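Keep the sequence and the 3D view open while reading.

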Amino acid sequence: MSSTDVGTTTAPVPPQSTYQHRVADYWNAEENPVNLELGRIDDLYHHHYGVGDVDRSVLEGSDPALRQERITAELHRLEHAQAELLAARLGPLSPADRVFDAGCGRGGGSVVAHLRYGCAADGVTISVKQAEFANEQARKRGIEGSVRYHCRDMLDTGFQSGAFAASWNNESTMYVELDLLFAEHARLLRRGGRYVVITGCYNDTYGRASREVSLINAHYICDIHPRSAYFRAMARNRLVPVHVQDLTAATIPYWELRRQAEHLVTGIEDTFLTAYRNGSFQYLLIAADRI
Ligand code: SAH
């Protein structure tokens, strides 16, 4: 064997998988009114669903423009309530703390955490457009010194080990393998740090992924995990659940309102409602301690 022949032929390994490119393409191109019009209300851009009781009076009234405006505001209120529910589980935190927002979208969650605790936040998204948009929003608010967004893979962030007091995934775990994800959270969190996830998961008691769960996977190019997978992967990665909350009943009113918002629907609304109602799909919050 010559010194240059190492005995194997290797194809170059791309830094990002083809799948991740497709996910990035999706989010780079995404301009759904349900994401942008809601965010414009107060410059808090949430790309997740809502929780809580609906004020159904927003569906009444004869002025179509006013009706649309009120429905938009109500959906935003419910999405914001979901973000606050997650943020409340991250604490207590102080302005000296740093938090990690994994799969941060257009950045609303990091702003919510910063406004609540004064902490520094680093958000990571695989979409360069989202990271740029979110950084621009932080500049406009004058919080760019504390809240920063990065176009990176949340499985491999390059951030310093143990540097974070809290971290979370808000509806972004279905794009990755949980063991790889939780290993990165465990690495980044200090001992005693808090991890929180809100996610749609398929219900193990139903059996396997239902038709509706498969349709949601196809719609978003993702791979919804079963509920059980979260607890297994956490146990393997030093994350010990301290609070588990089934938010399924709390999110159904949001979807019932959204399906009637003809100016905002994306076409997936009835699939979500069927999935929640037939017991194959759950909306779940888990908070865990990093030991
Ligand atoms: N958490 C945000 C956005 C949820 S949408 C919110 O609550 O508003 C899903 C997000 O996951 C998108 O921003 C997408 O870019 C991100 N994502 C998917 N795979 C990723 C990966 N491997 N690394 C980082 N972000 C990823």
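For the residue classes used below, Ala, Val, Leu, Ile, Met, Phe, Trp, Tyr, Cys and Pro count as nonpolar, Asp, Glu, Lys and Arg as charged, and the others, Gly among them, as polar. The model is predicted.

**Second largest cavity**

- Searching the whole structure turns up three cavities of 30 Å³ or more.
- The second largest cavity holds about 50 Å³ of space.
- Its lining consists of A83, L86, A87, G109, V112, A113, W168 and N170.
- Sorted by class, that lining has six nonpolar residues, two polar ones and no charged ones.
- Helix 3 (64–88), helix 4 (108–117) and strand 4 (164–170) each contribute at least two residues to the lining of the second largest cavity.

**Helix 5: length and end**

- Helix 5 covers residues 128–141, which makes 14 residues.
- At 1.5 Å a residue, helix 5 should span 20 Å, and its end C-alpha atoms are 20 Å apart, so the two values agree.
- G142 follows helix 5 and has a positive phi, near 75°.

- Which residues of helix 5 are buried? They are Q130, A131, A134, N135, Q137 and A138.
- These residues lie on the same side of helix 5, because they cover an arc of only 155° around the axis.
- Cover for the buried residues of helix 5 includes helix 1 (18–29), strand 2 (120–125) and strand 3 (147–151).
- K129, E132 and K140 are exposed on the other side of helix 5.

Definitions and conventions:
Residues numbered from 1 in each chain as written. Predicted model: local features only at pLDDT ≥ 70, side-chain atom pairs only at ≥ 80, totals over all residues. Heavy atoms only, no water. Helix = DSSP H or I, 4+ residues; strand = E, 2+ residues; numbered from the N terminus. Expected span 1.5 Å × (residues − 1). Buried < 20%, exposed > 50% of the residue type's maximum accessible area, 1.4 Å probe, protein only. Arc of directions from axis to C-beta. Contact = heavy atoms within 4.5 Å. 1 Å grid on protein atoms, 1.4 Å probe; cavity = no way out; pocket = protein on both sides within 12 Å on 5 of 7 lines; lining within 4 Å. Points joined across faces, edges and corners; volume = space filled by probe spheres on them.
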